[in-house]
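Open the model in your viewer and keep the selection tool at hand. The tour goes from one selection to the next and says what is found at each stop.

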Amino acid sequence: MSNATDAIRNIAIAGHGTTGKTTFVENLLFLTGAIPRAERVESGKTVSDYTDEEVENKISFHTSVTHLTWNDCKVNLLDTPGSADFVGEVVAAFRTAETACVLVSGKAGVQIETIKLWRRLEARERPRVVFVNKMDEEGADFQRVLDDLSQKFERRFVPVVLPIGAGSGYQGVVSLLDNKAYFKQDGAAEKAGDIPSDMADAVAAARAALTEAAAEGDDELVAKFLEEESLTPEEIMRGLKNAVRDLKVVPVLCGAALSTSGLAAFLNVVTGVCPSPLGVQETVLDKGDVESKVAISPDGTFSALCFKTTIDQFSGKLSFIKVITGKLTPDTELYNVREEKKERVSKFYLTQGKKLEEVSQLVAGDVGVIAKVGSARTNDSFGTPEKPLHFKPLALPQPVHAVAVEGAQKKDEDKLGDALHKVVEEDLTFRVAFNGETKETVISGMGELHINMILNKIREHQKIEVNTRVPKVAYRETITKGAEATYRHKKQSGGHGQFGEVSIKVKPLERGAQYSFENLIRGMAVSKGYIPGIEKGLHEAMEEGFLAGYPAVDIGVELLDGKEHSVDSSEMAFKLAAKGALKDAVAKAGPTLLEPVMNLEVFIEENYLGDVLSDLTTKRGRVLGQDQLGGGIISIHAQVPQAELMRYSIDLRSITSGTGSFEMAFDHYSPISGRIADEVIKAAQAEKE
Ligand SMILES: Nc1nc2c(ncn2[C@@H]2O[C@H](COP(=O)(O)OP(=O)(O)O)[C@@H](O)[C@H]2O)c(=O)[nH]1
Ligand SMILES: [Mg+2]
């Protein structure tokens, strides 16, 4: 096997849940002799679904990395999870692989997650191929799926294989690239043979279409094709390679992964048509966030990016890296660019699922694992102190599901905190935050499944009980009109008294402006030395809130006047006077609560539209628009108060029988009044008591 960068192919295997990705990878490993036999997902023994939670649930939660050899190329396969709960793992795979293979079911065609991951691939401008799987299932229809793809996505889809039969009559595929038929053999590799005679016309037509598409990948070939109306097989390969790299063409294949069918043709496309890492541009962030590019190349000093971290009970911390320039050898000094720290790394590995295979070098473009590198975190760049390249980190979507957690027993709190922070190191879509306002530890992630997986793992490994509840909403308080107040703080107790008087004016500021302070006192009414005390008092009052104990925002304060006493005045007295003045002024200024409002995008199948919309209405949502994404899939844009979305992951699942999914991000704060505000204030008072 060649170790050269141009002989590597990194392929992310992505698709809607249960389209057969894990089975596909398993059978590719089997076909190429990397494993002696292919296991079924249901057995819990596949190479790429190996964690306890995957074995137990029979679905993929993590991206796992496997590799095989075909046509003298090293092919790295990154098997990704299909569920939106684990999108972070998918994004990491898309960042790492030069090509994505999108699996769709021959029966179901394009599904909701297919659309969502396609959009991510478009944003990354990643070359891709489509594999139409499960051609052996009743109802599978290659042409229908092809039409479905063309209708939903603005790309040119070109078949490079044709199925022989479908459903129970499915026998294998015809490869248009080498003009051979590959017949499926149950439990064994496919058998090459002649193209069935009744398919001659269909094959000729498909081959002509493929030739035309390939020609367009290369100006020279276009000219030749126009003249001679044909290309040699080598020319077709070359043209197709360019067309795929430039996103002019998306090759479409098909097969039945479960019976190792269609996989040889797929691997021929991977090695012959899909781009190698060599020369692919990686984005580097220079100082001041200026972006520049570095080409993947075996030349130069070693640099790499960490795209995934796992913490294994036995092997400790494993950092998955992709080498960008140079190579990693046992002599390489590893330098963590973020930490500005040198690290030792004596051993590194290739992975075959959970199996680690020690290697003596990792060359540019390859992916592997370095073990027990203390400072390494996902998104870290490694290089040399002389040339510390900081590769652009993965951009991950915002968490959509949050719960408040606490140890069932007080003594478990520290253990829980440590365990949660470990997860953060592994998983960039998972966050832990202590909310000082609500006094809650809030964890958030990409869905209920994601959060439950994490908590179950902690419960099991740490042997602690963890309680969860719906988190409190981080409300804010503000005013709606201007007002003035004067407050005198005066105490006469024994010897020294306390005296300070402050007159202020408050006015509402623009949303998001937070706070402003202006000292308008002319003359000497208050000594300069007391002004910091006044400001402190105002700050404290803003933090403590006026209605329900939430921080006040978007209030401008003008200090109009004040009085001091030559003996009894102090910074403390002015602080208390300022606090009192602000409280009195706010009470006259139409105080109101603000609630966070989220931007929501919901993806659903058409038949659930009515139910989803009416649910959004009961959640006080404002629907901004709908997009027909084609083929009965709709996306809805809406703005909805966060208070109503705390359990949306669960609600949407039940409304859409598990098919819907959504993304959301904070948008703005909006005033609330009436019954809803009263309830928030009442709840806050009850909490206080
Ligand atoms: N009939 C049929 N079933 C398949 C095929 N490929 C996968 N499956 C089954 O589909 C189910 C989901 O497969 P899995 O590989 O876990 O899908 P993933 O969620 O995309 O990784 C399993 O029961 C597989 O055995 C196929 O080509 N034909
Ligand atoms: Mg899977």
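Select ligand 1 and the shell of residues around it: the shell divides into four nonpolar, seven polar and five charged residues. Here Ala, Val, Leu, Ile, Met, Phe, Trp, Tyr, Cys and Pro count as nonpolar, Asp, Glu, Lys and Arg as charged, and the others, Gly among them, as polar. This is a predicted model, in which local features need pLDDT of at least 70 and side-chain atom pairs count only at pLDDT 80 or more, while totals for chains, interfaces and linings use all residues. Residues are numbered from 1 along each chain as its sequence is written, chains are lettered from A and ligands numbered from 1 in the order in which they are written, and side-chain values use heavy atoms, with hydrogens and water left out.

Stay with the shell. In total, 16 residues surround ligand 1, and the closest are Thr18, Lys21, Thr23, Glu42 and Asp136; a residue is near a molecule if one of its heavy atoms lies within 4 Å of it.

Next, show the contacts of the ligand. An oxygen atom of ligand 1 lies 2.5 Å from an N or O atom in the side chain of threonine 23. At asparagine 133, a polar side-chain atom is 3.2 Å from an oxygen atom of ligand 1.

Now select helix α1, residues 21-31, which gives the largest share of the shell, three residues. Helices are DSSP runs (H or I, at least four residues) and strands likewise (E, at least two), numbered from the N terminus. Threonine 22 is found in this helix. Is threonine 22 buried or exposed? Threonine 22 counts as buried because its relative accessibility is 7% (buried is under 20%, exposed over 50%, partly exposed in between, with a 1.4 Å probe and protein chains only). Its side chain makes a polar contact of 2.8 Å with the side chain of serine 60; within protein, such a contact is a pair of N or O atoms within 3.5 Å, where one must be able to donate a hydrogen and the other to accept it, and residues adjacent in sequence count only if both atoms are side-chain atoms.

Two loops remain. Go to lysine 58, in the loop between α2 (52-57) and β2 (64-70). Lysine 58 is not a glycine, yet has a positive phi of about 65°. With 36% relative accessibility, lysine 58 counts as partly exposed.

Last, select glutamate 125, in the loop between α4 (112-124) and β5 (128-133). Its phi is also positive, near 50°. Glutamate 125 counts as exposed, at 57% relative accessibility.
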